[in-house]
Every structure is written in C-alpha cells, then in structure tokens.
Amino acid sequence: MPGSSAHKPSTDGFFFWMSVVLLAMVVAGFVPSFYLRPLTENDALPTHLVVHGVVLSAWFIWFVLQTGLVRLGYRSLHRRMGIIGAAIGIACVFAGPLATLTAIRSMLDSGLDWDTDMSADPARGIEGITMAQFGPALVLGNIASTFAFAGLLFFALKHRQRADIHRRLMLLASISFIGPAISRIARWPVFGGEDGPFIPVAFASLLIAMALHDWRTLGRLHGATVAGSAALTGLLVLSLIVSATPIGLAVARLLA
C-alpha cells in the first residue's frame, strides 16, 4: 500500500550520505593503485591483494546499497540483503589483514631497512621516524581495525531488530576500515603526507559527524555512538601504544 510502513522512505538521510562519503574515500584513495592499476602501473597486484581489495570494496558498495534501500523505504529488501552483508563482513575479517601480512616484507623488498628513515619512501610523506617505528604502528593499527570491525559488526547484527543501534554500529564498523583509504588520500600534495594532520582530522570528523547527528535528532548522544566510538578509538590508541614497545617491533619482525 502506498505510504505504508513497509515502504515508507526515510526522512533521515544521514546514514546513506555517510556511506556514500566512505565509499568515495575508498575510491579516491585507491584509484591509482587498485581500481585503475592496469592504466597506471606495469606490474599486476599479487592475488592476495586483489582478494583484499575486492572484498573490502564489496563491503563499502554493499553498505551504500543497504543504506540506500532504507532511504528509499525498501526495508524488507534491506533485511534480505543483510544475509549477503553478513557474508561479506565475515569475508572482510579474513581478507582485511591480507595486505597487512605482507606490508613489512614489501617495504623491506623496496630497499628500506629497520633503521631507515621513512623519508626514503617519499610517496608516503613521512619524515623523522624509522621503519622500526612506522612498521609496528602500521601492522598493529591494521590489526586493531580488524578487531574493531569484527566486534562492531557482531553487535550490529545482534541488535539488528533495533534500527537505532544497528545502523550506528554498522556505520562505525565501516569507519573502522577506512584508515588505509584516508592514509592514501593524505599522500596527495595538498594534504602534506601521512605525518600531517589530515589522517586524525579526517577520522575524527567522521565520529564528530555521528555525534552531531545524534544531538540534532535526539538531543543527546546515543549510547551506541558513545560505546562504539570509544571502543574503536580505544583499540586504535592501544595499538599505537603497544607499537612503541618491544612487543610491537617483535610482531612487525614476525611478518618480515
């Protein structure tokens, strides 16, 4: 029936537009190195990196489709598509770390060593720290992001009958995997490289946008926004702390 609750377009487009922003970040970050690689590079990516890229891309595309279905009022189809999303999400937990597993070896093969200043890899735009400092932060940060994604996805699916909780945790799960895209955008000359302010500002802006949406629509912060943001941020901060210890360097060396 026209106008029925089964097919009533949403008046809140926030989650749809946030999903579009995240997908745009992924595309912008990986256009030269992945999506248009045949046109920009002579060498093909290893199979495991192709799998990584395809699976993660599928997640962000699916997320736009899902939020779009809710935006247009197709909630029944949205629920049926959720099964596909759960499968893609599980695949992401396994495919997400694939790039991390070979990141250290790739840097060593490029001519860097543990004592080399990262300025020797000018594409990253990092100076003043050695690979022994950067490598553990990269590895543990990516591992923390995967754990955050898995946890947020689990609780989002657990609370799938509570739309207010579900959609916030799904958005936070997607944000947890946006770091690599933001890092590559940070390499654009206008943003000054990965050691500039762009990465923390961009990441914080996504979380702040969620908080502002809560204040605008609810007059308060939603518990899922607070708990999910705190868990995600806490895991990332913890990964940075551990990366600066001998444990962090040991983990990075294991992947060499």
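## Helix 11 and its buried face

In helix 11, the buried residues are Ala 224, Thr 225, Gly 228, Ser 229, Leu 232, Ser 239 and Ser 243. Viewed down the helix axis, these buried residues fall within an arc of 120°, so they line one face of helix 11. Here, buried means under 20% relative accessible area, exposed means over 50%, and partly exposed is in between (1.4 Å probe, protein chains only). The arc is that of the directions from the helix axis to the C-beta atoms. Helices (H or I, at least four residues) are DSSP runs, numbered from the N terminus, as are strands (E, at least two).

A word on the model before going further. It is a predicted one, in which local features need pLDDT of at least 70 and side-chain atom pairs count only at pLDDT 80 or more, while totals for chains, interfaces and linings use all residues. Residues are numbered from 1 along each chain as its sequence is written, and side-chain values use heavy atoms, with hydrogens and water left out.

What covers the buried residues of helix 11? The cover includes helix 7 (131-158), helix 8, helix 10 and helix 12 (246-254). The expected span of a helix is 1.5 Å times one less than its number of residues.

## Helix 10, a packing partner

Helix 10 (residues 198-218) has 21 residues and reaches 30 Å from its first C-alpha to its last, close to the 30 Å expected at 1.5 Å a residue. Its buried residues are Phe 198, Ala 202, Phe 203, Leu 206, Leu 207, Met 210, Ala 211, His 213 and Asp 214. These pack against helix 1 (14-35), helix 8 (163-176), helix 9 (179-186) and helix 11 (223-243); contact means heavy atoms within 4.5 Å.

Ile 208 also lies in helix 10, but at 48% relative accessibility Ile 208 counts as partly exposed. Just after helix 10, Gly 219 takes a positive phi of about 80°.

## Salt bridges

Side chains of opposite charge can pair when their charged atoms come close. How many salt bridges does a search of the whole structure find? The search finds seven, where a salt bridge is a side-chain nitrogen of Lys or Arg within 4 Å of a carboxyl oxygen of Asp or Glu. Asp 121, Arg 124, Arg 187 and Glu 194 are linked in a network of such bridges.

Arg 37 sits in helix 2 (residues 37-40) and is buried, with a relative accessible area of 13%. Its salt-bridge partner is Asp 43, with the closest N and O atoms 3.2 Å apart; Asp 43 is partly exposed at 44%. The backbone oxygen of Asp 43 also lies 3.0 Å from a polar atom of the Arg 37 side chain. Leaving aside neighbours within four places in sequence, Arg 37 is in contact with Val 31, Pro 32, Asp 43, Ala 44 and Leu 45.

Another salt bridge joins the side chains of Asp 109 and Arg 105 (3.0 Å, N to O). Both residues lie in helix 6 (residues 103-109), four residues apart, about one turn of the helix. Asp 109 counts as exposed at 55% relative accessibility, whereas Arg 105 counts as partly exposed at 34%. Asp 164 and Arg 162 form a salt bridge too, their closest N and O atoms being 2.9 Å apart. Asp 164 is partly exposed at 22%, and Arg 162 is partly exposed at 44%.

## Aromatic pairs

Rings of Phe, Tyr and Trp (its six-membered ring) pair if their centres lie within 6.5 Å; planes under 30 degrees apart count as stacked, over 60 as edge-to-face and the rest as tilted. By this rule the count comes to ten aromatic pairs. One of them is the stacked pair of Trp 59 and Phe 63, 6.5 Å centre to centre with 10° between the planes.

Trp 59 and Phe 63 both lie in helix 3 (residues 47-72), four residues apart, about one turn of the helix. Are they buried or exposed? Trp 59 is buried, with a relative accessible area of 0%, and Phe 63 is buried at 4%. The rings of Phe 154 and Phe 155, in turn, have centres 5.1 Å apart and planes at 80°, so this pair is edge-to-face. Phe 155 counts as partly exposed at 40% relative accessibility. Finally, Trp 59, Trp 62, Phe 63, Phe 149 and Phe 177 form one aromatic cluster.

Conventions. A polar contact is a pair of N or O atoms within 3.5 Å; within protein, one must be able to donate a hydrogen and the other to accept it, and residues adjacent in sequence count only if both atoms are side-chain atoms.
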